[in-house]
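This report covers side-chain pairing in one protein chain.

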Amino acid sequence: MRVLGVDWGGGGGKESATGICVIGKNYAVNHFETLYINRLPTGMTPEQEASFVDRIASEFEVDFIAPDYPGAGFMREAFFLNVFPQWKDRVFPVSYSYKPTSDLVTVSGTGSRNSYVVDKTKSLLLTIGCIKHAVLTVPWFDPLDPKAPQLDFLAIIEHEQKTSDESATGNEVLRGSSVYLLDKVSEVRDDAAQAANIAFIAMCHTLGVYPVIHYDSKFDISEEQYRMLAGD
C-alpha cells in the first residue's frame, strides 16, 4: 500500500508552504517507508500545485490521497478534484482536532462524503515515535541543508497550555493540571512533517493496524548513527 499525504499551504503565515509525502507499507520486513517527501516552493499557483500532486501520486501509483481538509485545504482539495476527477473515490480528507478522550481517528459526516478527524497531538506522538525507532523510515539527508524537508520535524515542540476557569468577577482561575500539546515553533515550517503525519495515520487507519513501539528494541538508534545524523 502507498499513500500520499498533502498539507496544503496558505494557512500558516508567510512561511507556510504545501508539504507532500508518500508513505508505503513494506510487508516483507513489516515496517513503513517514506518513499518521497518534499516541500513545494511558495508562490506556486493552485493549478501548479494540483498538477504536481497528481504527477507524484501517479508516478508512485498510490492507493489514495490524504489531504488536510479545513481552512485553505477545503478549497485546494475542491480545485484538485475538479481538475483531476479520477481521484474523487480515492480521497481520505483529514482534519485535526484536540480530543484526548476519543479515538485517535473518528469519522465525521460532511455533506456528500465523510472526513476523518484526527487528534493532532496523539497522531504526531505516534508518527515521531515510529520514526525514532525505525518503524517508519525517512530518506537520508544532509542535516546541514536548511532546505531538507525532513528538518520540518524539528519544528514540532511540546507546548504547555494551562487549563482555567473564569470566576464570577471575570478573573481567570487556574484549575487542575496543565495540558501539554505538540505545536510548532513560530515562523518555522512544519508542512512536510504534517504531510507525513497525515499520510501515516491515514494508512494505519485504513489497514486497521497501528504500530506498537518497543523502546528497548533492536531498532534503537546507535551512537554512530546519531553522530552521522547530527553531522558530527
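## Side-chain pairing

The side chains of Glu49 and Thr18 are joined by a polar contact of 2.9 Å. A polar contact is a pair of N or O atoms within 3.5 Å; within protein, one must be able to donate a hydrogen and the other to accept it, and residues adjacent in sequence count only if both atoms are side-chain atoms. The model is predicted, so local features need pLDDT of at least 70 and side-chain atom pairs count only at pLDDT 80 or more, while totals for chains, interfaces and linings use all residues. Residues are numbered from 1 along each chain as its sequence is written, and side-chain values use heavy atoms, with hydrogens and water left out.

Glu49 lies in helix 1 (residues 46–59); helices (H or I, at least four residues) and strands (E, at least two) are DSSP runs, numbered from the N terminus. Glu49 counts as buried because its relative accessibility is 5%. Buried means under 20% relative accessible area, exposed over 50%, and partly exposed in between (1.4 Å probe, protein chains only). With neighbours within four places in sequence left aside, Glu49 is in contact (heavy atoms within 4.5 Å) with Trp8, Thr18, Leu40, Met44 and Arg76.

### Salt bridges

Side chains of opposite charge can pair when their charged atoms come close. A salt bridge here is a side-chain nitrogen of Lys or Arg within 4 Å of a carboxyl oxygen of Asp or Glu, and the count by this rule is four. The table gives salt bridges from that count.

| Salt bridge | Closest N and O atoms |
|---|---|
| Glu61 and Arg2 | 3.9 Å |
| Arg39 and Asp152 | 2.5 Å |
| Glu49 and Arg76 | 2.5 Å |

Glu49 lies in helix 1 and Arg76 in helix 2, so this pair ties together parts that are 27 residues apart in sequence. Arg39 forms a salt bridge with Asp152. That pair links distant parts of the chain, with Arg39 in strand 3 and Asp152 in the loop between strand 8 (136–137) and strand 9 (156–161), 113 residues apart. Both Arg39 and Asp152 are buried. Glu61 forms a salt bridge with Arg2; Glu61 is in the loop between helix 1 and strand 4 (64–67) and Arg2 in strand 1 (residues 2–7), 59 residues apart. Glu61 counts as exposed at 57% relative accessibility, whereas Arg2 is partly exposed at 30%.

### Aromatic pairs

Six aromatic pairs are found in the whole structure. Rings of Phe, Tyr and Trp (its six-membered ring) pair if their centres lie within 6.5 Å; planes under 30 degrees apart count as stacked, over 60 as edge-to-face and the rest as tilted. Phe32 and Phe200 form an edge-to-face pair, 5.0 Å centre to centre with 90° between the planes. Phe32 is in strand 3 (residues 31–39) and Phe200 in helix 4 (residues 191–207), 168 residues apart. Phe32 is buried at 4% relative accessibility, and Phe200 is buried at 0%.

Phe92 and Tyr116 form a stacked pair, 3.8 Å centre to centre with 15° between the planes. Phe92 is in the loop between helix 2 (72–83) and strand 5 (94–97) and Tyr116 in strand 7 (residues 113–119), 24 residues apart. Both Phe92 and Tyr116 are buried. Ring pairs also link Trp8, Phe80 and Phe84 into a cluster.

### Charges over rings

A charge sits over a ring if NZ of Lys or CZ of Arg is within 6 Å of the ring centre and within 35 degrees of the ring normal. Lys25 lies over the face of Phe32, 5.4 Å from the ring centre. Arg55 lies over the face of Phe52, at 4.9 Å from the ring centre.
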